[in-house]
Amino acid sequence: MISEAQFQHELDLIIKNAIREDIGDGDHTSLSCIPADAEGKAKLLVKDDGIIAGVEFTKQVFKYVDAALKVETFINDGEKVKYGDVVFHVSGKSQSILMAERLVLNAMQRMSAIATKTAFFADLLKGTKTKVLDTRKTTPGIRALEKWAVKIGGGENHRFALYDMVMIKDNHIDFAGGITAAITKTKKYLTEKGLDIKIIVEARSLEEIKEILSNEGIYRILIDNFNYEDTKKAVALIGDTCLTESSGGINEETIRKYAECGVDFISSGALTHSVYNLDLSLKAI
């Protein structure tokens, strides 16, 4: 993953762009019917059950819109919530609260859904050594939020993007002329560029795993679309040489069985691409 500074920069960009997109040259509804000096208070109301996420991000949104807004938090990121819970109060200029409202809700509903699904998957893995990973299958423009939500839900982040980790997959292997050729070219490129980033290589068969293992310096092998028995064989072959990751259509019905094969990680795009927003609302009080 990227550094904390880089991650914060991504968050800053998300807030800036989302406010630009939503407000444009002004929130004319609020500007027309609410006095500029009017002050108010609102609560974040939970209308669903799950894991709350996005509270700390919301504080950044409110600060960006109006640094004078005050937030009183009752429930923190990662905590379980149920229908009727109040997560926080926000108070200050009414116009400012309304300008921030939609971004706050959009972000928190999405993040909470992802955190809830991740927590469900992580719970299925309890008692094993396996951790659940996210992927790059995220909503364009808000990847930082979705990966943050995975962490809040108890999962682990895979690489953030194409630039912070090398992941040699099937197409790279085929275009490069084979596994060893792809790995050799990658190592040469990283040396020439002075890049210190980890290398993951995807394997489609046990024979490919053997070839990957004949090359040094591999951080993790991606055991892709293997059945249970072949996954166990792959883990035994790899041993302590490098880390292992299973992927490929793994769901809540199969994730535990793959974990019991002994893999270190299971990656799931479903954590971010197949969720239903948690129902939340911001209500004046």
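Which residue in β11 is the bridge partner of Ser246? The partner of Ser246 in β11 is Ile266. This is a predicted model, in which local features need pLDDT of at least 70, side-chain atom pairs count only at pLDDT 80 or more, and totals for chains, interfaces and linings use all residues. Residues are numbered from 1 along each chain as its sequence is written, and side-chain values use heavy atoms, with hydrogens and water left out.

**The sheet**
- Six strands form an open sheet in the order β6-β11-β10-β9-β8-β7, with parallel pairing; strands are DSSP runs of E, at least two residues, numbered from the N terminus, and two of them pair if DSSP finds at least two bridges between them.
- β6 (131-133) and β7 (166-168) are at the edges with a single partner strand each, so one side of each has no neighbour in the sheet.

**Strand β10 and its partners**
- β10 is joined to β9 (residues 220-224) by five bridges, and Leu243 is the partner of Arg220.
- Two bridges link β10 to β11 (residues 265-267), and these strands run parallel.

**Strands β8 and β9**
- Four bridges connect β8 (residues 199-203) with β9 in parallel.
- Glu202 has Leu222 in β9 as its bridge partner.
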